[in-house]
Amino acid sequence: MAVHVQNKRKLFLDSYHQTNRAQRSREREAVAFIFSGEGGEVICSRRLDHRTIQIFDRQLMELSEHIKTANVEDAVLRQPLHPAARGTLCVTGHHLLFSDREESSPQHFLLLLRNIDAIEKRMSGSSGTITIKCKDLCVLQLDIPGMEQCLNIARSIETLSCLENVSEMYPFFYRPSDQSLKDQWGLSSTEKHYSQMTDLHDRWRVSSVNRDYSVCPTYPQAVIVPKDINDEMLVKAAKFRHGGRFPVLCYYHRKNGMVIMRSSQPLTGANRKRCREDELLLQAVIDGSDKGYIIDTRSSQQAQQARMTGGGFESKSCYSCWKRLHRQVERGKALQESLIKLVEACGNDSHNMDRWLSKLENSKWLSHVQTALSTAGLLAECVERDGHSVLVHCSEGTDSTLLISTVAQLIMDPCCRTLEGFLALLEREWVQAGHPFQKRCAHSAYSHARLQQESPVFLLLLDCVWQLLHQFPLALGFSEALLLRLATEAYASSYGTFLCNSDKERCVSRVKEKTLCLFQALLRPKERRCYANPLYERTELAIWPSVHPQSLQLWRGYFLRWTQQARHLEEAQEEIRNMVILWEKMALT
Amino acid sequence: MEHIRLPKVEGVRLLDRVSPRRSRVGTLYLTATHSIFVENEAGVRSETWVLHSLVSSVERQAATSSGCALLIHCKNFQVLQFILPRERECHDVHLSLQRLSQPESYAELYCFSYKPNVDEEERRQEWDFLELKDDYSRMGLPNALWKLSPANKHYKVSDTYPTDLYVPESATPPVIVGSAKFRSRGRFPTLSYYSKENYAAICRSSQPLSGFSARCLEDEQMLEAILKSNPRSDFMYVVDTRPKLNAIANRAAGKGYENEDNYSNIKFQFIGIENIHVMRNSQQKMLEVCELRSPSMSDFLEGLESSGWLKHIKAVLDAGIFIAKAVAEEGVSVLVHCSDGWDRTAQVCSVASVLLDPYYRTLRGLMVLIERDWISFGHKFSHRCYHLVGDPKEVSPVIDQFLECVWQLMEQFPCAFEFNERFLITIHSHIYSCQYGNFIGNNQRERQELGFSRFLKDVDNILALCYL
């Protein structure tokens, strides 16, 4: 085994040394860039340090068998908003790197292979063209001389862009010089969240019944539950809920002491099974107050049908103090198809006004945004205006449940609207609460692969947040740039935050020890400057979004991101940011 | 005052548009210029003022047990729904409002009773606030290639044009007069915008009276003169902003468009912007969609699409872009016309100016632009905006579309404009409000005959003070 690996390393290094000196120095630059720079930032360093070489080799040992052609001279890169560039293309285990020939100021273009959703090859004569469609909706084109080289590159991209094994993915190799694995991973924990909310300590406790993930594989180790319910009861209640996701607290409303709980569907089945512990658990939630609401994010028909497959809903007779409301929030395949249609409509700029509007309508994406926002508004209304506690669930409780509870918290709670607060909310409600990122974000809108469990629920959340930002430009502490960054990172990232499908899986793969945390990185002063909203002014009031169709807009910044128009808007936002910062400085002096 | 049948109604409810269950109770007062709703609630003194000249329609709905509903649509798209307790009162208010909102003569307009605290001297200065000559000299005119022509003094050549017009240096009075005779309403080709960087000009006119084969030597010479005044270019564009079919239909009536064979070195281009009737219906449909009580996303988008409104906005912008590109990128002069040259032509020329020249993206610049391309060149504000009772078929949201085009550009280039959305809304509202004299009448001659421009207050000046 060791010999085999050694040979491979030698093979790679041989081919590496065969290229001429000048080109090699360019490649070195490039390699240094891969490991020290991020995103669009270009760091040129002529020397590679020892550690970088080591990582580079280790990465290639495992993945180099997929790389038949590592370098191509004289390739042409065409990307939106840039003139075509001629230069050297380099494929590594996780990146596609392009360095153009401009001697005075060489430009590097770096693409994470994981970001590639689909490629199309076209051969003509002795050269080929690869069209690369990225998960961040960017479409690139590479002209590669030599048919074989082109096919090799295409094959490498196809394999390396959908690595299955988590530990082979780039976050395990990403080691920028200014961040360390020793840094704290994550922003908050259940315990920390609990300790911040002293008001609820007399009625609620932190349970570590799930410390070995045996009660619910998709929950974190610690959850907040009513004090009156002991761990044995929780175990029994978990058996009565889909995937073991028993009702847990996710939000405490300081103003009136009401809470939001979330869970999965109860397993009542065709013969209307009951579970005493589950009923007691919910009873303990409302404790004395007259009633609570259950928001089921399926239609009542869907909920009825779920009984045939062992699922179900809380019947009125067994949960007499709870009033059930059904609001159908689309998820799963329907949502993925909606995204595909929308992206297709946005990518085609040849059509006229009428076709554009009907395609937009036909994609139904904005309808999904509307339903999500209005259901979240309903949830917030129950808690804030009517003063009742609410349990929200769909079937698995890992998708639309999280979407609705997150948006409702943003509407009600000013603490969630700061930059830190929002990232902590995402960490709690999505990462720790077990949204299966790896399954949902395996592919985006361009992939020809057969759809499995892909669904842009997280993207829909970001769109809802963007609508809030659009309607309340001063109320959120973060900017559109943050939402765009998150949308990109969820699909392909250098950080470990969105890896795996649950806390348990992350634990098994040792993600927290071996990768860096995106949320921590976003809060560093340099990044914070780009992602903070310069106009932010904290308000303690709830921000009630208008859900009238007239008020909802297409998220141009994301869906039309690679067009001239979005570029103008970005520039304008930058200008506004600079102006505000300047004014602040002037006000201070 | 004689039109007010009932000066005051008590116990009136004003319904909330978004959630009709919520409503406010108060007293409705009718004055000569405004209807004022004062809420009764102790402590709050909330007043809702409705300017009568902004009211576009008053509808009386069937009486119910709760009272009689009166639905008021305003020209600034505000919709108010009052519930009056008794049918008799509702009837009287309805008739009064109908009469008050439809003045029959200019003398009834609000601008004549609007008397802010300004003395005569100040008022005169305000009217001199915008001097169009300044704009032309900003463009470098007159110069060796373009001159100020006295041809239309006393409105002899065209009664809908202003007196001060710029024409090519080589255009002699006989050429101008001859060309005017060959154009609808005598609106001969004249300068709208001039680019001093590359000598390219945007000219405007009405359609030629070419019919199927008629020619006019002077008109051909006029275009030749325009072409020659741009020494760097060997051809010019003639843009007909109508759909080709409409233009062809006009030939049967002895009007039409330029034949490329008769004019030397012109490139003729149709850009299909629909006529005022299509635009009026489209806006009506769009407003109906916006007023739907609780439409689904699909209802809204389908309705928006079938109204065609955005399609028409795009057509105007497309035309503006074509002309701006011809001037800025090719350095070629353009002659623009539609039928009469006061609707589509005004839209397209002014959009092109906004695209080409950053000056028109300033507060003062936009006002100058409206003054030049709309007010002075005879956009029929009083007809199009229904300032007086008249032919409803003459009404059309042509200026609304121009303001929306500017808004669309602001959406795409948020830092390129000195003014904000509120400025556009205020201008829009005052175009219809008749509070200031600027937009009254249909052309300069009419305003002069009415003796307006010397004693009415200038809207633009006020606006400039508010938005700087």
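## The salt bridge between the chains

Glu411(B) pairs up with Arg556(A) in a salt bridge, with 3.5 Å between the closest N and O atoms. The rule here asks for a side-chain nitrogen of Lys or Arg within 4 Å of a carboxyl oxygen of Asp or Glu, and across the interface of chain A and chain B it finds 1 such bridge.

Helices are DSSP runs of H or I with at least four residues, strands are E runs of at least two, and both are numbered from the N terminus.

A word on what you're looking at: this is a predicted model, where local features need pLDDT of at least 70 and side-chain atom pairs count only at pLDDT 80 or more, while totals for chains, interfaces and linings use all residues. Residues are numbered from 1 along each chain as its sequence is written, chains are lettered from A and ligands numbered from 1 in the order in which they are written, and side-chain values use heavy atoms, with hydrogens and water left out.

## The rest of the A–B interface

Chain A puts 21 residues into the contact and chain B puts in 22, contact being heavy atoms within 4.5 Å. Together they bury about 1,900 Å², with carbon and sulfur atoms giving 66% of that; buried area is the accessible area (1.4 Å probe) that two parts lose on being put together, summed over both.

There are also 5 residue pairs in polar contact between the two chains, both residues at pLDDT 80 or more. That takes a pair of N or O atoms within 3.5 Å; within protein, one must be able to donate a hydrogen and the other to accept it, and residues adjacent in sequence count only if both atoms are side-chain atoms.

## Inside chain B

Chain B splits into domain 1 (8-102) and domain 2 (124-465), with bounds from an automatic or database domain assignment. Their centres, taken over C-alpha atoms, sit 38 Å apart.

Where the domains of chain B meet, 12 residues of domain 1 touch 15 of domain 2. About 1,100 Å² is buried there, 56% of it from carbon and sulfur atoms. The count of salt bridges between these domains is 0, but 4 residue pairs are in polar contact, both at pLDDT 80 or more.

## Fold content of chain B

Chain B has 17 helices and 14 strands. Its C-alpha atoms fill a box of roughly 75 × 55 × 45 Å along the principal axes.
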